[in-house]
Amino acid sequence: MAAQEKLIVALDLASADAAARLAERLRGHVGLFKVGPVIFTGEGPFLVRYLVAEGDKVFLDLKFHDIPNTVRAAAREAAAAGVAMFNVHATGGRKMMEAARAGAEEGARNGHGPLILAVTVLTSLGREDLDEIGAGTSPEEQAVRLARLAARAGLDGVVASPEEIAPIRRELGSAFQIVTPGIRPAGADANEQKRRATPAAAIQAGADYLVVGRPITEAPDPVAAADAIVREMEAALAPDLPAQAGSAGRVGQPLH
Ligand code: C5P
């Protein structure tokens with residue numbers, strides 16, 4: 001798969017209209033567009049329908065977490081809408097994740113169902129945050145544990161932070177899809193992301209897809225920013241090229 005197809009842009013913009021206009025500019029430069037809960041709650045499913053109708057691949061990032069019957073019905077709707085990927089919280093449990101799989105199969109268009117990903121541990125959470133919610137474990141341990149459960153439930157992969165990529169890959173093998181947010185090119189604003197990596201470092205650690213929001217959407221030239229990230233991913237995917245060595249950064253380390 002080409003590097004460009006592995007880049008997911010988070011369309012976290014103020015309105016569906018602004019998101020659609022940005023998607024038009026980025027079309028052909030990136031692999032997927034992620035539509036999250038803010039635009040979806042504020043403006044409904046129109047942006048998703050528009051993007052799918054234009055032939056774009058959509059990652060519907062609504063992180064379903066409910067009783068299995070409700071998640072099954074929501075998953076059916078997501079698949080019927082033609083999204084390429086959607087996600088559920090692994091903490092909803094194995095039965096809930098199995099219900100998501102069943103619903104997606106029921107709603108699939110022409111037998112092509114979406115990839116279903118489990119959210120393990122949000123990248124904004126640290127050890128103290130997990131203690132507060134009673135998980136009593138490190139983010140890494142919790143992520144691996146939930147990834148294993150997601151695989152057992154028949155999901156395709158996980159959303160995982162940069163430092164969790166390697167342990168999840170080791171534990172679950174190469175077919176399990178790892179989608180990684182918290183990506184910051186060297187020198188970029190970290191925003192509130194506590195665990196982050198450069199595009200090259202995340203690819204080298206074994207991520208299948210990268211989710212990038214503000215470093216692209218808030219760049220003066222979003223197309224140039226996306227192209228630069230794709231070039232960095234390409235260099236990391238071709239490990240013999242010397243270009244990647246200087247730009248990789250270390251997974252989980254502060255970048256500046
Ligand atoms: O702007 P930024 O690159 O930080 O955007 C990251 C995107 O990935 C946001 O849409 C955020 O909701 C999402 N995300 C995340 N951490 C997770 C799961 C999703 O940052 N664990």
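**Close-up views of a predicted model**

**View 1. Leu7 in strand S1.** Leu7 belongs to strand S1, which covers residues 7-10. The structure shown is a predicted model. With a relative accessibility of 0%, Leu7 is classed as buried, because buried residues fall under 20%. Beyond its neighbours within four places in sequence, Leu7 makes contact with Val30, Gly31, Leu32, Leu210, Val212, Ile216, Ala226, Ile229, Val230 and Met233. Val30, one of these partners, lies 23 residues from Leu7 along the chain, yet the two C-alpha atoms are separated by 5.5 Å.

**View 2. Packing of helix H1 against helix H11.** Two packed helices are described by the angle between their axes and the distance between the axes. Helix H1 (residues 16-26) packs with helix H11 (residues 222-237) at an angle of about 55°, and their axes are 9 Å apart. H1 is therefore oblique to H11. The crossing of H1 past H11 is right-handed. On the H1 side, the contact is formed by Leu22, Arg25 and Leu26, and on the H11 side by Pro222, Val223 and Ala226. Sorted by class, the residues of this contact comprise five nonpolar, no polar and one charged. Ala226 of H11 is also among the contacts of Leu7 shown in View 1.

**View 3. Lys63 in strand S3.** Lys63 is located in strand S3, which comprises residues 58-64. Although Lys63 is not a glycine, its phi is positive, at about 45°. Its relative accessibility is 26%, so Lys63 counts as partly exposed, the class that lies between the limits of 20% and 50%.

**View 4. Asn110 in the loop between H5 and S5.** Asn110 occupies the loop that joins helix H5 (94-107) and strand S5 (115-119). This residue likewise is not a glycine and has a positive phi, here of about 50°. Asn110 has a relative accessible area of 74% and is exposed, because that class begins over 50%.

**View 5. Confidence along the chain and the stretch 243-256.** The chain has a mean pLDDT of 91, and 92% of its residues reach 70 or more. Residues 243-256, by contrast, have a pLDDT below 50. In the model, this stretch has 34 contacts beyond near neighbours in sequence. Where pLDDT is low, the predicted coordinates should not be read in detail.

Terms used
Residues are numbered from 1 along each chain as its sequence is written. This is a predicted model: local features need pLDDT of at least 70, side-chain atom pairs count only at pLDDT 80 or more; totals for chains, interfaces and linings use all residues. Side-chain values use heavy atoms; hydrogens and water are left out. Axes are lines fitted to C-alpha atoms, for helices over the stretch in contact, and angles run from 0 to 180 degrees between N-to-C directions. Helices (H or I, at least four residues) and strands (E, at least two) are DSSP runs, numbered from the N terminus. Angles under 35 degrees count as roughly parallel, over 145 as roughly antiparallel, 65 to 115 as roughly perpendicular and the rest as oblique. A crossing is left-handed if the near helix is turned anticlockwise from the far one by less than a right angle, and right-handed if clockwise. Contact means heavy atoms within 4.5 Å. Ala, Val, Leu, Ile, Met, Phe, Trp, Tyr, Cys and Pro count as nonpolar, Asp, Glu, Lys and Arg as charged, and the others, Gly among them, as polar. pLDDT is the predictor's confidence in each residue, from 0 to 100. Buried means under 20% relative accessible area, exposed over 50%, partly exposed in between (1.4 Å probe, protein chains only).
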